[in-house]
Structure formats: structure tokens, C-alpha cells
Amino acid sequence: MTINDSLIVVIVAAAIYYGTPLVFAALGEILAERSGVINLGVEGMMLLGAVGASWVAATFDGPAGIVLPIALVVAMLFAAAGAAIHAVLTITLRVNQIISGLALTIFAGIAGVSSYLAGIWKLGQGPVPNQFDRVDLFGLSDAPVVGPILFNQTGLTYLSWLAVIAVSVYLFRTRLGLHLRAVGESPQTADSVGVGVARTRYVHVLIGGAFAGIAGACFSLSIVPQWVNGMTSGQGWIALALVIFGFWRPDLMLVGAYLFGGLSSLRFTLQARGIDISSAVLDAVPYVMTVVVLVLVSNSPARRRLGAPAALGRPYEREER
Amino acid sequence: MKTQRFGFRLEPRADLPRYINITVPILSFLAALAAGAVLLLATGENPIATYWRIAERAFLDVGAINGTLIAATPLLFTGLCAAVAFRIGFFNIGGEGQFYIGAITGSGTALALGADTKGWVAIPAMILAGAVGGALWAAIPGVLRAFFRTNEIITSLMLNYVAGIIAVYLIFESESFWRDLEGSGQMFPKSKTIPLGAFWPNWSFGGLIVPFGLVLGVAVAIWIRVLQKRTRFGYEMRVVQGAPTTARYAGMRPGRVIVAVAAISGALAGLGGAAAVGNFRQVLDPKGLQQSGYGYSGIVVAALARLNPIAVIFVAILIGGITNAGYSLQGADFPPGLVGILQGLILFCTLGGEVLVRYRLVRTTTPPPPVPNVEVAS
């Protein structure tokens, strides 16, 4: 037995694999919330993305290099279409963001559009022919410790790392990112210097939706990888908690996503090793830990310095003062 | 000020007519049906035929209405659960989990009391157990929100999954007190059936069957209305919702009010869970409970009822009709997922409708008059 078979390496590698959808979903939600819009529809948007990706992969035959990128784009479009409903209602019509997001999850989710479309398209017959397989990056997958953890993940994971870097740079190193943060912190100020509040919010809610779509595709094209109703099983909600856990910063969120990816994967990892722990306990761990972590983060001293965007959840009315 | 381009603007209305309490929900509901029809058309289904089948199986004969009342009973309780909590700005979306816990404690109590207990003891005991179970489960996000400033939306939702896992564990993964370990229960995991004496009654009026749970729910809805409108606690709820700082200055304790409302809200959902076992299922059926999703539908009920407990009664019957039709039509020519789609659309349209009541849509061709900058004398 080599070091790469040791439990700790296996768990960390699995944490990154299972954490990848959380990274995409939470990254999208960070963008939306940084603009001041909470979108509780993440779970529903993920399922829209999952069903869109699953449809492309199951219907269109072709080389993986063509089918999979198309599937990802369709997943992004599907989820962004869901986000568009939320955007119109919360930004233009200024309705309660909480209830609108819940409505989106009910509309799109386990008993809604996603299962409707899956029914029409007769998905879920079996694993899709084209999946995101593990990529042996630079031929280093057998390198001790770092091989399985860093160099033997799927293309989606590598894409998520690029996305985290891109979003971090965008948020904190570009003018547009500054505008975005200004809109989320003080829309009045942003408006007064000519930053379009509504436009900024629309763009980031839609991009946030597209990210959730990729997160859904992670399930239907890689983790599961076929259509199962409600296959995201609450991961969208965990992504929402990760945004708070990461203090609305992509780098801190990444840590949380892998922590929760690890917790979600424990069941499979430990059972594959024949370690006998009740599966009910292991199933409940990610959900219970979300509550525990949220309580700790909400009361940590850092919260005062790195809080939520000040205008989060509040519609912007130019006339109001 | 920037000149406003040609477009639309929302302008607040000065007065709110009373009739909006009725018209908004009705128009929202119709708008949702219209939006659903577009989706059905786009995917090659016939909307009129589909809606007609739903109406038929929901309301158009006695058998359909009986099924609708059965589906409406849990929705009445989960609808009240959401309505009570949302009214004070406590977004308890854990009705689903509180419902499971109520089903677990309710059925556990009925099983523990055994076959010799009379109904007039067993049924109130189940009601109490369900309510207490749901209340304790909901008190967790309540306490975390009130005293640890933790977002109740996520915590209450996470606890839904935990409650579901507990229910599945009790029947499928353990030899618990709830599980039937004799006869066919050895082959296929299932729960013990509660004793006959603990079955909740149904009253028959010439073919129409009214479940005891529904009557209880109506009574509870009226009690909630009185609590909100006629008591000191109801007043405190309004102040805590509207102005937490004022509440604190006035000597109220917003934290306690939040926890109390969370517990009441959870008790209602738990009661619904006990009713689902006592009145209809007579067993603890985790998979069945999870498939129904009564807790999430309760949010739709509460929103369409504009958080009014009395209106919840009628909306629960309406949504119960759709749910019931969804069950009985599930099959080849009825698309799955339609029930959730309609519920989501109803929520969207209710939200949109609220806006069009509070505001007027005004066309802006010219820039609005500048608002004078009033300096506050210091």
C-alpha cells in the first residue's frame, strides 16, 4: 500500500471532487450577493443546470470534446433563465428576495420544472455516454500525496480553480469589481457616480445563475452521473451557507467547500474501506455541520470586519431616502 | 440627477383598498395558470385538457373532493406554520422537518399507549406529542436566530434533511420502537400500524368525508387569528416585526418573542405530522412523507393567503386540490413536476401581484420632477 492509498489522501482527494459543485454554486451566489441580491433559488437553479446538461449528454452523440462543452453551456443557460425570473421580480419589481428565491427553488426544483423536463425528455434511463472523467494532469497523477489530490481531478475541478481565481481578481482587482461591491454596499453612492444599480444587479444575478448551472452539471455529468430527480439533495442550500462561511470571499469559501465536500464524501469513502459507521449518522453530518458552522461564523469576531454586503436583500429605489 | 429614459417606473399608491385581500390572490392564481399554460404549450401539451383533468380530479365529484380534503389537511397545518412565522419576519422554511418530527412523536405516542387506550385519551395525547415535537425542532433555529444571530432560513432548512434522515433511520436502518419486526415487516421494512383506538375519526355527510384533522386545523387557524389580533402577545409580535428597537425600549424581549413564535410555528407543522399519521396513514412512512413535500407547499399556501390564517384554510383546500389531482393523475399522460411548477408560478405571481397593488406602473417619457432636498434642522 502506497501513501496515495492512505485514508487521508483518499479523503482529501474526494473532498475536492465532491466540493467542486459547491465551489461553483457558492461562487455564483457570492457574485449575486455582492450586488445586493440574495438568491435562495440556488438549489432549483442547480437542478435546472443538471437537467439541461443531462439532456444534451443523453441526446446528442459525438466526441466528448464537443458534447461536454455544449452540455455545460446549456446548463448555464437553463440556470440563468431561472435566475432571470428572480432578477425581474427582485430588481425591477422589488419583491421580497427571500420568498422569490424560495419560489424559484419550488418552481425549478425536485417536483418542478427539472423533473417535468426530465419526464418529457425521458432522462434517467442510465448513465450518460459522455461524462467528465478524471484527467491525469501533466502525467502527475501518481505523484505521492499531491498526485491524486491535485493532478487527478475532473476537468470541472480545474475549471472551478480558474473560476475562483478569475472571480477573486474581478472582485478585488478590477474597476468593474469595485463597482459591483459598491452596488452591494451602498447603491445610492454607486448610483450617484453613474454606476447602473439595476444593470449591475441583473448581470450578476444572471452570472450567479450560470455558475449554479455548472454546479448542477457537476452532478449530472460527473458525480452521479445520470439524471435522478432532486439529485442535488440540498447541496444548493449548503452553498448558500458557504457564502456566509466564506464571508463573501471566494478564497475563504473554497476552504469551506472542500470541508463540506469532504463531509459529504465520508459516507462513500469510509464504506468503501469497510469502516462500519451508521450511514444515517454519516448522511446527517453535512447538514448538522452546516448549522454548527453557521452558528460559529455568525458569532465570530471576524464577522464584524467581514460582514455581509450592507445593502444585501434590500431593493433599491432611487426616490427613496 | 440623470434623466430617466423612456420606460416604466413604479410609483407607490397612496391608499390601499380593502378588496385587494381577495383580488390579488385570485388574479395571481389565474396569472399562474396562464403562465403554466404557456409552458405546457411550449412543451407540446394541451393546457386546457391538462387543467380540466386537474379540476376534475380535484373538485368535480364527491370522491375527488374527499381526496382534496385529505391533501388539504396537512397543508392547512404547514400553511399556518409558515404564515405565523413569516408574519414576524422569521423565515421558518423548516415546516417540512417539523412535520416529520410531529409524525414521529405522534405515532410513537400512539404506539406507546397501546391497543387498550381509548380514543379520547390517545388522540389528544398524539396531538400534544406532535405539537411538542414540532415545537422543539423549530425552537432550534428560533434560539439560534434570537440569541446567536444565525440565519434561520438555512438552519431550518438543514434540519429538514436531518429530520428526514432520522425518520428513514427509524424505519429502514434500525430496529427501533416504530419499526414492525414481525410478519412481512421482516422482509420489507415498514412501521407498526398505530392501534385502532388511536385512529382519528372521519365524519361523513352524505358521501362527503370530513377528516377530524381538518376540523382541528380550522379551529387552530381561528385561534391563531385571535392570538394575533386580540392578545398582548399578538401586539408584541407586531412590534417585534415592525420595530425591534422600539420593542426593546418598550420592555419587550424580541428574542423571547422570536423563540415563542418559532415554537408555535413548529408546533403547527408537528400537529400536521401527527394528523397525517392519525387521520390518514396510520403508520410512520418516511418515504411517503418526503415525497409529499407538505412543508414546502405550506410556504406557497401561506404566501397566497397573504399570511392571513383564515385565508390559509381556503388556500389549503385549493392547493390541496392541485396536489390531490397530481397524485391521482400521476402516470402516462400527466407530466410529473407539474404540481411544483404550478406552485412555484403561484408564488411568483402572488409576489408580482403584491407589487402591482402597492405601486402603480407609470410610463416615464420625461424625467420625474426633482425631489426637493429637505435639510433637517439641527
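**View 1. A:Tyr287, a buried residue of the predicted model.** At 9% relative accessibility, A:Tyr287 falls under the 20% limit and therefore counts as buried. The model shown here and in the following views is predicted. B:Tyr161, at 21% relative accessibility, counts as partly exposed.

View 2. B:Trp200 lies in the loop between H6 and strand S2 of chain B, while B:Phe212 belongs to helix H7 (residues 212–230) of chain B, so the pair ties together parts twelve residues apart in sequence. Both count as buried: B:Trp200 has 2% relative accessibility and B:Phe212 has 18%.

**View 3. Contact of helix H13 of chain A with helix H6 of chain B.** The axes of H13(A), residues 279–298, and H6(B), residues 152–172, come within 9 Å and cross at roughly 160°. The two helices are therefore roughly antiparallel to each other. H13(A) passes H6(B) in a left-handed crossing. Residues making the contact include A:Ala284, A:Tyr287, A:Val291 and A:Leu294 of H13(A) and B:Met158, B:Tyr161, B:Ile165 and B:Tyr169 of H6(B). By class, the contact has twelve nonpolar, two polar and one charged residues.

**View 4. Aromatic pairs, with A:Tyr287 and B:Tyr161 as a stacked example.** Over all chains, a search of the whole structure finds 15 aromatic pairs. In the pair of A:Tyr287 and B:Tyr161, the ring centres are 4.6 Å apart and the planes are at 10°, so the pair is stacked. A:Tyr287 lies in helix H13 of chain A and B:Tyr161 in helix H6 of chain B, so this pair joins two chains.

**View 5. Aromatic cluster in chain A.** Ring pairs link A:Trp55, A:Phe60, A:Phe78 and A:Trp121 into this cluster.

Technical notes
Residues numbered from 1 in each chain as written. Chains lettered and ligands numbered in written order. Predicted model: local features only at pLDDT ≥ 70, side-chain atom pairs only at ≥ 80, totals over all residues. Heavy atoms only, no water. Axes fitted to C-alpha atoms, helices over the stretch in contact; angles between N-to-C directions. Helix = DSSP H or I, 4+ residues; strand = E, 2+ residues; numbered from the N terminus. Parallel < 35°, antiparallel > 145°, perpendicular 65-115°, else oblique. Left-handed = near helix turned anticlockwise from the far one by under 90°. Contact = heavy atoms within 4.5 Å. Nonpolar A, V, L, I, M, F, W, Y, C, P; charged D, E, K, R; others polar. Phe/Tyr/Trp six-rings, centres within 6.5 Å; stacked < 30°, edge-to-face > 60°. Buried < 20%, exposed > 50% of the residue type's maximum accessible area, 1.4 Å probe, protein only.
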